[in-house]
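Good morning, and thank you for the time on the agenda. Please have the sequence and the model open side by side while I speak.

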Amino acid sequence: MAGLRAVDDPARVHAVVVGVERYPRHPDWDLPGAVDDALRFHKWLRKGGVPEVNIRLLLAPDEDSRARLDALTRAGELIWQQAWTRDELMDAFTQDLDDRTGDLLYVYWGSHGVLGQGDRRLLLCPDASPKDKRCIDTANLLEYLQRDDLPGFTQQVLLFDACATFLEHHNHPTGPAVADFPTVRRRPVGQFALCAAAAGQVAENDPVVRSGVFSHTVLDWLETNAADVHPDLDVLLSHVRTATPGSQTPVSIDIRALDGSRERLLWPGTPLPASTGRSQLALALHDVLDGDLRARCLEHLAVHCPGTHLGACPSDEQLAHALLVAERAMAALVELVHTRNRGAADQLLSLGRTHGVPGLLSPLEYASLRETLDRAPRLPPTAQMIAAVRAAQPFERAWLPPKSQEAPAVVQLMACVEHFEEHTGGQSMAHPGRQLVPAVVRFTELLAALLPAVRAELHAWADRVARRLGVDDGGLAERRAEALDWADTLDPAVGRPRVVAQLDAASADPATAGDSDERYTCVMWLGTGAGDLVQAAEQSVIALSPRDVVRRIKRTLSLLRTVTDEAPVVEILLQPDAVQLPVDSWNGADDGDDLPILLGVEWATALRCAPLAAEREEQRQDGIKSRWAGRHNDTVVFLDDEHTQGYAGYGALMADVSAARAVVRAGPDGRDRLVQAALRLGYPVVLWDRRAAGQVQDTHFEPLRPKEAVDGLPWRVRDYRARACVNPAAHPVCPAVVFEAADRPLPPVLSLTGLSGFSDLPDPCAPCDSEEASRR
């Protein structure tokens, strides 16, 4: 923006100064201090050499100001004119300027104001009232002052100290009564207009010093820095935007710069949304926010988005405007609404996406993500990590890097988060109305794959954000699996540590008479995540009780934790004909200070199918790999009692080659055969209730949500068992799930290998006490 050209002769400077302090038709609108601000502006002009006759001082004073004005007039210090009507104010521009000529025109206006339709800034005149809001449109005034029959005044500076609140804020039944200036032919004129408040904001007035906050800031600067009435407009604009205290944001509007260029600055950094968008959102808010929910939302926004400056009772238009322009405000609102009204949250999300609200994450989501990254014990080299993540993002190659590569790692990662928030994702074609995974969540999934120490926290964070945004569950699970697969390609040796126990049923040993009849042989393998599985002990030579098996698993886990930081997963390998064995619900031993351990609750546990004979295993693995590719869809094969007859079960399992889940609802008579058939046909996930007395309904498995992401199903089963331990009566399901991960290899088939090798690691399956030693 070009500056003012020098005016050598102050006599070539003219001004129209307006101060509306009293509204006779509605005294509640009286604005103490408006006259004082006008007089102070008048005084600044006079000190700069502007002749008194060049200044039209139009005032609507209260009684106190009137007494002071009369005294100044009698002393010959000023000439002023009462202005109690809109017509008198308009005449100052339509008639009184006709016989004047000059180089520079100042307009100062202090009064009440509102924001009308089409974002029109309206100045309320002294004869206005709630039912007859007589006003002048600032944009119309700017256009009129460009009329080609006005001599000179090619430089114009206009300062408006007035509110820009929405009309709905006043809760009046009638709209504004705008009087337009005459239509004129216009000429090029350099105009600079500065308003006290951004759209929707109040221009604050300080009753103690009897001055508008905006006017006080402007006049302080003018008196100090522009005694020659020739201010540097760029510096003035910058000063008032940074120095104005309170909850208002001074803005310049419709600038026709003095170099002939034009720009429109309505809110620093964020364009004012179209009024149609604000109206649509205001209508939606009116429909979906009842009294209690509205109060909760305003309280939530006040705490987490204080920059909205909404106050206690904002109108729907004010709230809509704040949601559209204030960073993360819409996300914060939806964060609260979606827990009570999913349909309303989806409607608000759709409007927010349509109109490009800033900030996809809520303040709480953003803060919790940063806290999680701060807790990561060891971050990889940030530049390498960001480069790897950038290469893995398929939707955008030219993304904005962090501002400073020297910044701390978490700062750089959060800069990436802020960038990816701009990419909200599209709509699912397979499931209309369901949202695709946005870029910022895909980014955090990639980070989770790289940061095992906080992976669970990042996954939980992504789940919460996805639920709020209405993201497709299958899509999120698919992106998560892709991220983990991607991380494996960066370092194939890195995987999750695990303990694998292959169990076979065995007959009772006469030496253990009196104990439970359940006996098992057990072979253990260890996997640190950095190589192949390693045999931890040879096959047990005697049959072990369930308690002894759990002891061995516990000791093996303790051993593995000494060489890896990440919690291992327990994988129990069962023969297909042994699926009825309740190994996933064993109670552990209680020896001395050791606490009982419930397998499946204490550890992340998954049942798996032990390898079949070589020729069958190859076919089964092929089936697992092909069906695993579609594990994130909602296709579930439900097997009932009717499927136990003939080949009905086989037909149902083979009818859909993409189905990755089988849920067995049949009763105990045919349940095992259906589970075994699903395992042999290469189904990665088979879910059933081993203790159900008869056929069960779909709702029986609702607490486990079998239609949701496959990858998290074993952990959902574990969590359900944990709740069942607390309140068994409320959790009657006794679920079992076989979970076959295509990329996690199984140990060799026992019958085809000698298993003669031993690990260099200590043997966790060695006898732990004299009792077990004597049995050996």
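Gly110 counts as buried because its relative accessibility is 4%; buried means under 20% relative accessible area, exposed over 50%, and partly exposed in between, with a 1.4 Å probe and protein chains only. This glycine lies in strand 4, where helices (H or I, at least four residues) and strands (E, at least two) are DSSP runs, numbered from the N terminus. What does Gly110 touch, leaving aside its neighbours within four places in sequence? It is in contact with Val18, Gly19, Val20, Ala34 and Asp161, contact meaning heavy atoms within 4.5 Å.

The model is predicted, so local features need pLDDT of at least 70 and side-chain atom pairs count only at pLDDT 80 or more, whereas totals for chains, interfaces and linings use all residues. Residues are numbered from 1 along each chain as its sequence is written, and side-chain values use heavy atoms, with hydrogens and water left out.

Now the overall figures. The protein has 776 residues, of which 53% count as buried, and it contains 23 helices and 25 strands. Among contacts with a separation of 6 or more, 74% are made by residues 24 or more positions apart. The accessible surface comes to about 33,800 Å², and carbon and sulfur atoms own 51% of that area; the areas come from the Shrake-Rupley method with a 1.4 Å probe, and for residues only the protein chains shown count as cover.

I turn to salt bridges. Side chains of opposite charge can pair when their charged atoms come close. The criterion here is a side-chain nitrogen of Lys or Arg within 4 Å of a carboxyl oxygen of Asp or Glu, and by this rule the count comes to 34. One of them joins Arg56 to Asp96, with the closest N and O atoms 1.7 Å apart. Arg56 belongs to strand 2 (residues 55-60) and Asp96 to the loop between helix 3 (86-94) and strand 4 (102-110), so this pair ties together parts that are 40 residues apart in sequence. Arg56 is buried at 13% relative accessibility, while Asp96 is partly exposed at 21%.

A second salt bridge links Asp132 and Arg134, at 2.7 Å from N to O; Arg134 is partly exposed, with a relative accessible area of 27%. A further salt bridge is formed by Arg480 and Asp463, whose closest N and O atoms are 3.0 Å apart. That pair links distant parts of the chain, 17 residues apart: Arg480 in helix 17 (residues 473-490) and Asp463 in helix 16 (residues 455-469). Arg480 is buried, with a relative accessible area of 13%, and Asp463 is partly exposed, with 26%. Salt bridges that share partners also join Arg498, Glu571, Arg608, Glu617, Arg620, Glu740 and Arg744 into one network.

Next, helix 22. Its 14 residues, 713-726, should span 20 Å at 1.5 Å a residue, and its end C-alpha atoms are 20 Å apart, which agrees; the expected span is 1.5 Å times one less than the number of residues. Which residues of helix 22 are buried? They are Leu713, Pro714, Arg716, Val717, Tyr720, Arg721 and Ala724. Seen down the axis of helix 22, these residues fall within an arc of 155°, so they line one face of the helix; the arc is that of the directions from the helix axis to the C-beta atoms. An α-helix has 3.6 residues a turn, so residues three or four places apart point the same way. The buried residues of helix 22 pack against strand 21 (604-609), strand 24 (685-689) and strand 25 (735-739).

Finally, two backbone angles. Arg705, in the loop between strand 24 and helix 22, has a positive phi of about 50° although it is not a glycine, and this arginine is partly exposed, with a relative accessible area of 39%. Arg328 also has a positive phi, near 70°. Its place is in the loop between helix 9 (316-325) and helix 10 (329-337). Is Arg328 buried or exposed? At 8% relative accessibility, Arg328 counts as buried.
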